[in-house]
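Colleague: I would like to learn how to read a structure like this one step by step. Could we go through a few features together?

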Amino acid sequence: MAALLYFPKISSQVTSSHFLSPSPMNLRKLSRASYVLTLRLKFTPHARKTFHTTRSAEEAYSDQHLRLRLSAALSRRSLDYKHCKQLIATLSPHEFDRLFPEFKSKVNPKTALDFFRLASDSFSFSFSLRSYCLVTGLLLESNLLSPARLVLIRLINGSVPVLRSDCDSNRFAMADAMASLSSCCFDQEIRRRLSDLLIEVYCTELKRDGCYLALEVFLVLVKKGLFPSRTTCNILLTALVRANEFDKCCEAFDIVCKGVSPDVYLFTTVINAFCKGGRVKEAIELFSKMEKAGVAPNVVTYNTVIDGLGMSGRYDEAFMFKEKMVENCVEPTLITYSILVKGLIKAKRVSDACCVLKEMTEKGFPPNVIVYNNLIDGLIEAGSLSKAIEIKDDMVSKGLSVTSSTYNTLIKGYCKSGQADVAERHLKEMLSIGSTVNQGSFTSVICLLCSRGMFDSALHFVGEMLLRNMSPGGGLLTTLISGLCKHGKHSEAVDLWFKFLRKGFVVDTKTSNALLHGLCEAGKLEEAFRIQEEILGRGFVMDTISYNTLISGYCRKRKLEEAFKLMDEMVKRGLEPDNYTYSILIRGLFDMNKVDEAIQFWGTCKQSGMVPDVYTYSIMIDGCCKAERAEEGQKLFDEMVSKNVQPNTVVYNHLIGAYCRSGRVSMASDLQEDMRHRGISPNSATYTSLIKGMSIISRVEEAKLLFEEMKDEGLEPNVFHYTALIDGYGKLGQMVKVECLLREMHSKSILPNKITYTVMIGGYARDGNVAKASRLLNEMREKGIVPDSITYKEFIYWYLKQGGVLQAFEGSDEENYAAIIEGWSKTIQ
């Protein structure tokens with residue numbers, strides 16, 4: 001402590017706390033200070049005025065002593081850990097960086113490496129980049145490639161501390177440090193091997209950005225006049241091709257050529273880059289340049305060009321190159337033929353591919369499974385499933401096993417041809433033998449099974465997918481759930497939805513909406529509400545379609561209060577009701593005969609910002625017309641026209657039907673003319689209303705003209721048009737014309753329905769033709785059409801009116817008698 005007091009500068013740096021808890025850094029400072037103190041005490045006999053003149057001598061002596069200690073420590077066959085720990089404690093990174101080059105020739109590389117590891121790992125000693133370069137070079141000089149490589153990997157990964165001044169420089173400081181090593185440190189060969197190793201480590205160890213960093217390092221080294229070897233240049237260019245950086249590869253090749261003479265491997269790599277980058281013309285030009293330079297292309301070079309020509313659709317040129325390689329005594333290989341087969345299949349030249357298959361077999365290159373699978377896939381794509389099966393059988397006969405790829409391809413073919421049973425059988429076979437089934441095979445089979453209504457099998461395969469943590473995808477899941485719901489399998493659809501959630505898959509909104517729609521359509525509102533709670537509870541999204549589906553379900557169940565609550569809820573969740581939301585609620589109000597409330601809500605919707613469209617106007621007009629308030633429907637029609645909302649056929653049909661039902665046929669006819677004026681063609685429903693309307697008011701001949709008019713318009717009359725005319729003629733007692741219409745219906749294979757029979761029975765009963773009416777009633781029952789109370793009323797009423805009860809039953813057989821009694825009982829209930 002007295003010594004510390006004598007040197008106040010040292011005492012200010014080394015306090016008592018350094019002695020109480022000495023860290024490696026503090027110990028280093030303390031030991032260094034003690035060492036300097038010892039040296040200075042040796043000079044104390046001199047006068048104080050000579051102190052500064054002796055300072056440089058002290059430092060020189062200190063450096064010489066430290067150099068000797070380091071040299072002795074690092075030149076040993078093995079590291080003296082105890083001695084080196086003391087040495088490291090007295091050492092600074094700058095001192096080591098300055099002294100290391102002076103004695104590196106005496107250093108044992110393995111011992112030096114152990115010293116670096118000890119210092120960096122145990123003492124967090126920050127060597128300079130130059131020091132790391134020197135020790136790496138020493139390792140390479142001794143052909144210790146693996147340790148040298150490990151040093152660079154740890155440096156690049158940041159696993160070792162580096163002198164801060166170096167860390168603060170750019171990320172390519174390592175390349176700068178290597179390039180700046182003078183010839184006195186290492187000869188040109190070792191410096192080149194250093195640069196080779198650095199580029200190779202970047203390319204192989206850093207998977208994502210390695211090739212880009214390697215390229216930058218390459219440019220730094222080249223700028224400093226240090227060209228890597230041909231092999232290293234090829235490693236760099238290959239890494240760029242693997243990263244799909246074809247243009248960068250070609251640019252780097254131009255620089256490589258300035259310092260390295262390209263060999264066949266470099267040329268081939270760049271030709272591959274040109275081909276994969278779609279620059280086949282430049283690839284062929286480089287191929288020619290390669291030949292002119294006296295570098296003979298090898299089989300890989302030819303295969304690369306042939307593949308490039310095939311990918312660009314230039315198959316004839318590809319075959320020419322195949323012939324050229326034979327002329328140049330380069331024998332095609334299995335890969336050559338495989339490339340040709342694959343290219344021809346891609347071009348859908350399957351017959352040519354089969355010829356190549358035959359040739360390669362004759363040349364002693366039996367196709368492997370990959371070639372067969374490519375050919376099978378091409379045949380499947382071309383729709384030649386039977387030929388694909390023949391090729392598969394040929395493959396098996398040659399002793400080759402059917403692979404997962406073969407199975408998956410065949411399954412795709414069976415699905416494309418709609419052979420659901422065969423596809424299902426093959427998929428089950430794959431699963432039973434433990435073969436790998438790809439997602440495409442699962443989804444193709446499941447989709448086909450769904451389209452055939454084979455949902456049990458589809459669900460089985462979905463279960464197999466889930467066991468393999470595979471998802472059929474949102475689209476197919478939506479299709480499957482929709483199909484299950486349409487076929488009444490709602491519980492299976494719900495179970496499937498929950499299975500996906502339990503497996504951790506995210507079920508998208510579209511799929512959830514399909515489930516909600518299916519449940520609401522089936523009236524299973526409680527289950528739909530449970531699904532809604534699950535969706536919201538899991539933080540999934542419910543969109544406007546979700547809420548509209550639920551609102552529609554509640555409206556169909558006439559639960560309007562709950563429907564309106566749902567609309568309020570969607571608003572609270574930040575979703576704006578759309579026109580469809582409002583239309584559902586308006587229709588719900590009309591369906592419950594709440595006409596005034598519907599009209600009032602319509603006004604509220606418009607005040608809330610709803611801009612009515614043709615669909616919302618159609619709902620309103622239809623509701624008013626069905627409520628026999630056609631005048632209000634007409635006002636709405638006039639309003640929509642004034643607001644430039646173009647009415648469609650459906651809107652016109654609502655009004656025409658209302659006017660016809662109320663006997664105002666002239667107004668209905670005026671609307672039909674207005675339709676034509678606006679370029680809107682009447683449809684089948686339009687003519688049904690008009691013909692029926694004319695028949696109701698006994699203007700049957702005009703109805704017949706409309707009937708003929710619709711045929712001229714290209715519209716085929718259906719059972720409703722015929723029934724309307726038959727009703728009109730029947731009420732007028734013109735039963736001959738009724739029979740003519742009935743014969744015409746039969747000639748067009750249009751079967752009478754319950755209403756047709758009812759109006760005919762009424763017509764004959766009204767006309768007093770008891771036998772004919774009875775026969776029609778009996779025929780109706782024989783055809784499985786059950787008469788209703790209206791049918792019986794038509795039958796009985798006119799008989800009773802014309803002659804009493806006995807005449808009503810006269811001529812009826814026992815079965816018809818029972819039917820009349822049954823009908824009569826229904827009419828008086």
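Colleague: Which residues does Asn303 touch, not counting residues up to four places away in sequence?

Modeller: In this predicted model, Asn303 touches Met325, Thr333, Ile335, Thr336 and Ile339, once residues up to four places away in sequence are set aside. Asn303 itself has its place in helix H19, which covers residues 299-311.

Colleague: Is Asn303 buried or exposed?

Modeller: The cut-off for buried is under 20% relative accessible area, and Asn303, with a relative accessible area of 6%, is therefore buried.

Colleague: How should I read a whole helix, and which residues of H10 are buried?

Modeller: An α-helix has 3.6 residues a turn, so residues three or four places apart point the same way. In H10, the buried residues are Ala148, Arg149, Val151, Leu152, Ile153 and Leu155, and they pack against helices H8, H9, H12 and H13. Just after H10 comes Gly158, with a positive phi of about 75°.

Colleague: What does helix H25 pack against through its buried residues?

Modeller: The buried residues of H25, among them Tyr407, Leu410 and Tyr414, pack against helices H23, H24, H26 and H27. H25 has 13 residues and reaches 18 Å from its first C-alpha to its last, close to the 18 Å expected, and Gly418, which follows H25, has a positive phi near 75°.

Colleague: Where is the pLDDT below 50?

Modeller: Where pLDDT is low, the predicted coordinates should not be read in detail. The chain has a mean pLDDT of 83, with 87% of its residues at 70 or more, but over residues 1-53 the pLDDT is below 50, although this stretch has 42 contacts in the model beyond near neighbours in sequence.

Note on methods
Residues numbered from 1 in each chain as written. Predicted model: local features only at pLDDT ≥ 70, side-chain atom pairs only at ≥ 80, totals over all residues. Heavy atoms only, no water. Helix = DSSP H or I, 4+ residues; strand = E, 2+ residues; numbered from the N terminus. Buried < 20%, exposed > 50% of the residue type's maximum accessible area, 1.4 Å probe, protein only. Contact = heavy atoms within 4.5 Å. Expected span 1.5 Å × (residues − 1). pLDDT = per-residue confidence, 0-100.
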